[in-house]
Amino acid sequence: MFSKYTFESPAFFWLLLCIPAAIVWYLWRKNNQQASLKIGTTEGFKVTSDIISRLKPLLFGLQMLALASLIVALARPQNVDVSTQTKTTKGIDIAMAIDISGSMLAKDLKPNRLEALKRVAADFIKGRKSDRIGLVVYAGESFTKTPVTSDKTIVLSALNSLKFTQQLEGGTAIGMGLATAVNRLKDSKAKSKVIILLTDGTNNAGFIDPSIAAELALEYGIKVYTIGVGTNGTALSPVAIRSDGSLQYGNVQVEIDEKLLKQIAKTTEGRYFRATNNKKLKQIYAEIDKLEKTDVEEIKFTKYEEKYRFFALLAFGLTALVFLLKQTLFKSFI
């Protein structure tokens, strides 16, 4: 909310030009009405200064002040308080399906693919203030990390906790991940439903065909944006787990089923993106953010508080004071 002082009819301020004109007329009239008497000496005369006669110009000053106050009142000064309220008219429900298989620990993105994704996705979530977001994770199997919710604190906390775990079945079940995300959104009443599916591999696990999952998404009016993560060529990736639980790394050929990801996006009228480095990944999420805009209606409330009464009363009071002074102190000089 903010307030400002304004005037409804500022054109009345042109009348203020009457005041300097009146002053000029008053001074000319005063000079031409004064009588003069020439004498050789003032000896023998008792000359006194009449303070009342000296204050006579005060009447004119009060009249000009009354006129200025009246003009300001006619201009209608107002104090305007403006407040705005936003209302979401078209909300978007978004399910983020994230691959957390072991290959997501590859170091072609810094510090690795999964951590790079978490940082970029966190900024994306924070920017979607009016939307509901949910998280689905998958490797050889899939599960819902958080349901679709407007509580961004819960979503960000769940995102931050994502990590590779050996407890999940190995492999990359893209079809399972997509189907779980569809299940999260199929009953949504939102005007727009979107899945952001991210993977760095090929569909080599699970019992749901990714094409069937894409058809389901289309049936429920869900648009899918697919992102393939990984550099071109080879990347330093986990190749084995040592006896102490640590990961052994080696250069591995990056294999992303771009044909499948493009097909999923095309089927659901979405788009496919390829993130080969941190900068590109950030640009992709920024582009999706622009593509999926939430319609927000801004309602503006304006409250006007009239301030002319003070100036009108001041003009009336000054006029009454001039009339009173003319009938009392200055009566003999008029």
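# Chat about a predicted model: sheet, helices and hairpin

User: How many helices and strands does the protein chain have?
Analyst: The protein chain has ten helices and eleven strands. Helices (H or I, at least four residues) and strands (E, at least two) are DSSP runs, numbered from the N terminus. This is a predicted model, in which local features need pLDDT of at least 70 and side-chain atom pairs count only at pLDDT 80 or more, while totals for chains, interfaces and linings use all residues. Residues are numbered from 1 along each chain as its sequence is written, and side-chain values use heavy atoms, with hydrogens and water left out.

User: And what share of the residues is buried?
Analyst: 38% of the 334 residues of the protein chain count as buried. Buried means under 20% relative accessible area, exposed over 50%, and partly exposed in between (1.4 Å probe, protein chains only).

User: What about the accessible surface of the protein chain?
Analyst: About 19600 Å², and 55% of that belongs to carbon and sulfur atoms. The areas come from the Shrake-Rupley method with a 1.4 Å probe; for residues, only the protein chains shown count as cover.

User: Which contacts come from residues 24 or more positions apart?
Analyst: Such pairs account for 80% of the contacts in the protein chain with a separation of 6 or more. Contact means heavy atoms within 4.5 Å.

User: On to the sheet. What is the strand order?
Analyst: The order is 5-4-3-6-7-10, in an open sheet of six strands with mixed pairing. Two strands pair if DSSP finds at least two bridges between them. Strand 5 (142–149) and strand 10 (272–275) stand at the edges with a single partner strand each, so one side of each has no neighbour in the sheet. On average, neighbouring strands of this sheet are turned by 15° against each other, direction ignored.

User: How do strand 3 and strand 6 pair?
Analyst: In the parallel sense, over seven bridges. I92 stands opposite S192 in strand 6.

User: Where is I92, then?
Analyst: I92 is found in strand 3 (residues 92–99). It counts as buried because its relative accessibility is 3%. The C-alpha atoms of I92 and D131 are separated by 5.1 Å, although the two residues are 39 apart along the chain.

User: Over how many bridges do strand 6 and strand 7 pair?
Analyst: Strand 6 (residues 192–199) and strand 7 (residues 222–229) pair over seven bridges, in the parallel sense. V194 has K223 of strand 7 as its bridge partner, and I195 stands opposite V224 in strand 7. From strand 6 the chain crosses through helix 7 (residues 210–219) to strand 7, a β-α-β crossover that is right-handed. Right-handed means that, with the strands pointing away from the viewer, the path from the first strand over the helix to the second runs clockwise.

User: Is strand 6 mostly covered or mostly open?
Analyst: Mostly covered, with seven of its eight residues buried. T199 has its place in strand 6 and counts as buried because its relative accessibility is 0%.

User: What does T199 touch?
Analyst: Not counting residues up to four places away in sequence, T199 touches D99, Y138, T172, I174, I227, G228, V229 and L261.

User: Which strands does helix 8 lie across?
Analyst: Helix 8 (residues 258–267) lies across strand 6, strand 7 and strand 10, and runs at about 160° to strand 7. Axes are lines fitted to C-alpha atoms, for helices over the stretch in contact, and angles run from 0 to 180 degrees between N-to-C directions.

User: How do helix 4 and helix 5 pack?
Analyst: Helix 4 (residues 113–127) and helix 5 (residues 152–160) pack at an angle of about 175°, with axes 10 Å apart. They are therefore roughly antiparallel to each other. Angles under 35 degrees count as roughly parallel, over 145 as roughly antiparallel, 65 to 115 as roughly perpendicular and the rest as oblique. K118, A121, A122, I125 and K126 of helix 4 make the contact with K152, V155, L156, L159 and N160 of helix 5.

User: Last one, how do strand 8 and strand 9 pair?
Analyst: Strand 8 (residues 234–241) and strand 9 (residues 247–253) pair in the antiparallel sense over seven bridges. The bridge partner of A235 is V252 in strand 9. Their hairpin has five residues between the strands, and G245 takes a positive phi near 95° there.
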